[in-house]
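Work through the exercises below with the sequence and the 3D view open. Try each task before you read its solution.

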Amino acid sequence: MPEVHARLSASGSAKWLNCPGSVALEEQFPNVSSEEAKEGTKAHALGELKINLELGNITRNKYTREVKKLGEIPEAMEEYIEDYKDFVIEQYNFKKAKSSSITIAIEQRLDFSNYAYKGFGTGDVVIVYEGGIQIIDLKYGIGVRVDAELNPQLRLYALGAINEYDYLYSIDKAEYTIYQPRINNISSYAEDATELLSWGANTVIPAAKKALTENAQCCTGEYCDSHFCKARAICRAYNEKIQELAKYDFVKPAKLTNEEIADVLEIAPKIKSWCEVVEAYALEKSLQGEKFPGYKLVASASRRKYSDENAVISVLSENGYDVDNYINKKVKSISDLTKLLDSEAFNTLIAPLIITPEGKPKLVPETDKRPELGSTASAINDFGIDADA
C-alpha cells in the first residue's frame, strides 16, 4: 500500500476544501501513527491481498507469504475483511454482467492534480465500466460514521479515475460506496459525471488555490473534529468558536429548562474534547522547553512499589516468615505488608526495597504546592521524552 501523502490529499479534503488555513497550520505538527491507524493499515493491506487472490492477480502461495508479513490477524478482522472482499467481488461481477468492458483496480494511485496542485490519493477499489465508475472505500474505524453522499474524498478519487480512464470508457455516472464493517455501515451515493466535473471546476480548483496561499484563513466547522484536525490546539478560529459555545447564558431564569440542558449536553463533548487537545499540546511543548504564563511542570502523584519483588520474597523467607502468607501470586501490596508485619520488621526488612517513582509530568497553575520539576533536560531524561518528537 502506498504510504506517501499529498499536501492537498483526498483524505484531508474535508478540511482544506472548507478551511484553507488548515493546510499550513497542520504542517506544524508531525505525523504520528496511532494504534487505530496501524490497525486500519493492516485491514486495508489484508483486503488488498484477499481481493487480488480472488481475482487471480496473485497466487495462493504469495497470498500466504504476504499475510504472514502483516503479523497477527485478529479473528474479527479476518471475518470483517472477508466480508469486504465478498462485497467488492459482488459489485464487480454485477457491473461485469452489464458492461461489455470493465476494469477493476485495487489500491490505485489517483491523480487529480489538474484540480488541486499535486493532488492525489489512493483508491481502495476502483471499478470502471462502460457508462460509469464506482469507488469503494474501506473504513475500518468505528469512531465516526462516514456517509458516501457528496463525500469529498470519494469525489476527488472519482475525478482522478476519470483522468485515468476517460480515454477508454464513456463515463456518465460516478458511484461512491463507503464500506464500514465494524459498525455495519454500507453507504452509497451516485451522481452524474457532469455534476462531479462541475464541482471539480467550480469548487475544488478555487478552494485548492486558497489553501496554498500565504496566511490562508482558518474556518471552523464539523470537519475540525470529525476529521481530527491536528491544529485544533492552536487554531485561533477553532478556539474562538469553542469559547463562544462555552458562553452559555445562565443568568435568567435561575433554573434551566430541559431544552437548555439539552443544548449544554450537545456542546459539552466538543468543549471537553477541545480542552483535552489543548492540554496535551501544552504538556508536549512544556516538555520541550516552552513556557506558558502561570503554569509549570510538576510530577503527578504516583504509588509506591517494590523495587524487586523477588528480593522481598527472599528477605521474608530468610528471616523465618512463611512466604505463602505474604504473597497473592505476587507479593502483597505495601499497605498489606504494613499491617501484617510489625513496624520494626517492616522498616528494617521491607522499607529499603520500596521506591516511589516519579509521577508523569503534569502542567498545573503556579499556585500548586508541588515542587516544580527541574530543567527541561531533566524532565526529558526522567520520562523518556524525545525532544525532537
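**Exercise 1. Decide how H3 and H4 run relative to each other.**

Solution. H3 and H4 are roughly antiparallel to each other. Here are the steps. The model is predicted, with pLDDT of at least 70 required for local features and 80 or more for side-chain atom pairs, while totals for chains, interfaces and linings use all residues. Residues are numbered from 1 along each chain as its sequence is written, and side-chain values use heavy atoms, without hydrogens and water.

Step 1. Find helix H3 at residues 35-55 and helix H4 at residues 60-69. Helices (H or I, at least four residues) and strands (E, at least two) are DSSP runs, numbered from the N terminus.

Step 2. Take the axes: they come within 10 Å and cross at roughly 175°. Axes are lines fitted to C-alpha atoms, for helices over the stretch in contact, and angles run from 0 to 180 degrees between N-to-C directions.

Step 3. Apply the cut-off: angles over 145 degrees count as roughly antiparallel.

Step 4. List the contacts (heavy atoms within 4.5 Å). Leu46, Leu49, Lys50 and Leu53 in H3 meet Arg60, Tyr63, Glu66 and Val67 in H4. By class, this contact has five nonpolar, no polar and three charged residues. Ala, Val, Leu, Ile, Met, Phe, Trp, Tyr, Cys and Pro count as nonpolar, Asp, Glu, Lys and Arg as charged, and the others, Gly among them, as polar.

**Exercise 2. Give the strand order of the open sheet, and explain why one side of S1 and of S5 is left without a neighbour.**

Solution. Step 1. The five strands have the order S1-S2-S3-S4-S5, with mixed pairing. Two strands pair if DSSP finds at least two bridges between them.

Step 2. S1 (102-111) and S5 (185-192) stand at the edges; each has a single partner strand, so one side of each lacks a neighbour in the sheet.

Step 3. Check the pairing. S3 (residues 131-138) and S4 (residues 171-180) pair in the parallel sense over eight bridges. Gln134 stands opposite Glu175 in S4. S4 and S5 run antiparallel, joined by eight bridges. Ile178 stands opposite Ser187 in S5.

Step 4. Look at the hairpin of S4 and S5. Four residues lie between the strands, and Asn184 takes a positive phi near 55°.

**Exercise 3. Which helix lies across S1, S2, S3, S4 and S5?**

Solution. Helix H6 (residues 152-165) lies across these strands. H6 runs at about 135° to S3.

Notes:
Angles under 35 degrees count as roughly parallel, over 145 as roughly antiparallel, 65 to 115 as roughly perpendicular and the rest as oblique.
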